[in-house]
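The sequence and the structure come first.

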Amino acid sequence: MQKQDGAVADREKESAVSIPISEVDDWANFADDDIMQQQSAIHAEEAKKIPFVGDKEPLSMLAAEYESGSPILLEKIKVLDQQYAAIRRTRGDGNCFFRSFMFSYLEHILESQDRAEVDRIKGNVEECRKTLQSLGHTDFTFEDFFSLFLEQLECVLQGNEDSISQDELILRSRDQSISDYGEWFGWLVVMFFRFVTSGEIRKRSEFFEPFILGLTNATVEQFCKSSVEPMGEESDHVHITALSDALGVPIRVVYLDRSSCDIGGVSVNHHDFLPTSGDKSNAKGGSTVPVKPFITLLYRPGHYDILYPK
Amino acid sequence: MKASRARLFKEYKEVQREKTADPDIQLVCDDSNIFKWTALIKGPSETPYEGGVFQLAFAVPEQYPLQPPQVRFLTKIFHPNVHFKTGEICLDILKNAWSPAWTLQSVCRAIIALMAHPEPDSPLNCDSGNLLRSGDMRGFQSMARMYTRLAAMPKKG
């Protein structure tokens with residue numbers, strides 16, 4: 001088989017020397033490992049272009065992207081500009097939702113110094129731990145990711161020995177911090193969220209099953225194994241719902257797409273993911289779930305960035 | 001990375017504790033290098049690999065468990081998703097579907113499952129894949145069984 005492929009490929013090579021695509025002819029000789037290595041090399045190349053978490057930018061920068069593009073989008077950006085002060089981009093590597101959530105949440109705690117919120121989410125994280133245990137996960141497969149996230153909550157609260165500034169939070173989120181886990185920080189926290197999301201979906205599989213069937217043909221278990229737990233798998237409303245519910249954190253998603261508007265004016269749709277209060281374990285300890293989202297994400301088909309309300 | 005070493009050490013302890021839990025898998029860490037492991041797995045019953053014992057080699061990267069271990073068959077095996085010469089395994093969880101939720105032990109279980117349920121549509125061993133795809137179960141099974149006898153069973157006499 002391989003020999004035949006090689007012969008065909010050689011002929012193609014001769015006939016199309018100048019076309020770069022002819023390099024594809026060597027595919028038959030590539031082992032999976034080579035392909036993976038090339039993939040990660042491409043990713044590393046891309047990585048240099050956009051940091052995991054960018055700087056705050058005015059929305060005019062967003063408009064500049066669409067200058068010669070769809071007028072509907074430009075109109076919508078004008079509407080956004082009235083309500084939102086800034087955008088912070090994240091890298092489109094499939095983890096953008098989780099990374100946006102990570103930065104946005106930790107930044108909110110850093111700015112608000114809301115200890116009550118930290119205590120509340122810690123309770124939820126503890127529930128998530130129990131969920132994973134009850135689903136048969138061995139502790140050591142997830143405990144490191146859990147403890148890293150819990151540590152970060154302490155770090156963004158000021159007055160501790162290991163309190164951090166916003167600059168350090170940005171450095172960490174860009175995997176540029178010179179701490180123990182420096183270059184892996186974001187990956188580890190994203191993985192924490194992926195564990196939490198997967199646990200929540202499987203715990204309430206009856207609730208999530210119809211949504212998952214709408215997305216893929218997979219069972220709940222398969223969906224979590226193939227589309228939630230692996231790094232770089234993109235997030236959908238199922239992931240957002242599950243993470244929001246599990247951690248008890250409301251999330252607003254603003255949609256910037258080409259969907260046409262009602263006659264008489266342009267409007268921008270948004271959807272609030274509000275944690276369900278149906279889960280009794282969340283109500284334990286008398287903590288109430290905050291209703292107004294303090295995390296706002298901008299969704300453009302296939303990608304999430306962070307938005308800052310005025 | 002310190003974290004990978006710590007994680008592997010936890011897996012090592014777990015393997016020692018659960019030695020009898022899974023009689024089909026015998027996972028052993030290299031005496032001098034915790035990033036090198038080998039495993040002996042039993043061919044699943046009611047497959048052409050039944051009765052065979054297959055050796056796997058694990059090379060664990062420093063970024064483990066964020067990145068998957070590299071695993072290959074040291075024992076020759078005739079299977080659509082295993083490279084006949086190198087022993088390389090085509091299994092999604094060892095590539096892009098990897099997640100730290102997997103352990104070396106559960107990877108072994110996934111490989112045993114792959115032995116029982118080949119995926120002929122993504123073959124690394126085309127001859128084997130073609131036999132299955134063309135529906136020649138008898139041909140596939142006799143080839144696979146022959147190699148199991150030749151390579152994965154203790155020599156008699």
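## The buried side of α2(B)

In this predicted model, the buried residues of α2(B) are Leu104(B), Val107(B), Cys108(B), Ile111(B), Ile112(B), Leu114(B) and Met115(B). Viewed down the axis of α2(B), these buried residues stay within an arc of 155°, so they line one face of the helix. An α-helix has 3.6 residues a turn, so residues three or four places apart point the same way.

What lies over that face? The cover of the buried residues includes helix α1 (2-17) of chain B. Strands β1 (25-29), β2 (36-42), β3 (53-59) and β4 (70-73) of chain B also belong to the cover.

## Helix dimensions

Helix α2 of chain B runs over residues 104-116 and has 13 residues. From first C-alpha to last, α2(B) reaches 19 Å. That is close to the 18 Å expected at 1.5 Å a residue.

## The chain as a whole

Chain B contains four helices and four strands. Along the sequence, their pattern is α-β-β-β-β-α-α-α. The radius of gyration of chain B is 16 Å, close to the 15 Å that the globule rule gives for 157 residues, so chain B is as compact as a globular protein of that length. The C-alpha trace of chain B spans about 50 × 40 × 25 Å along its principal axes.

## Burial and contacts

How much of chain B is buried? Of its 157 residues, 40% count as buried. Take the contacts in chain B between residues at least 6 apart in sequence: 54% of them join residues at least 24 apart.

Conventions:
Residues numbered from 1 in each chain as written. Chains lettered and ligands numbered in written order. Predicted model: local features only at pLDDT ≥ 70, side-chain atom pairs only at ≥ 80, totals over all residues. Helix = DSSP H or I, 4+ residues; strand = E, 2+ residues; numbered from the N terminus. Expected span 1.5 Å × (residues − 1). Buried ≥ 20, exposed ≤ 12 C-beta atoms within 10 Å, placed from the backbone. Arc of directions from axis to C-beta. Contact = placed C-beta atoms within 7 Å. Rg over C-alpha atoms; globule rule 2.2 N^0.38 Å.
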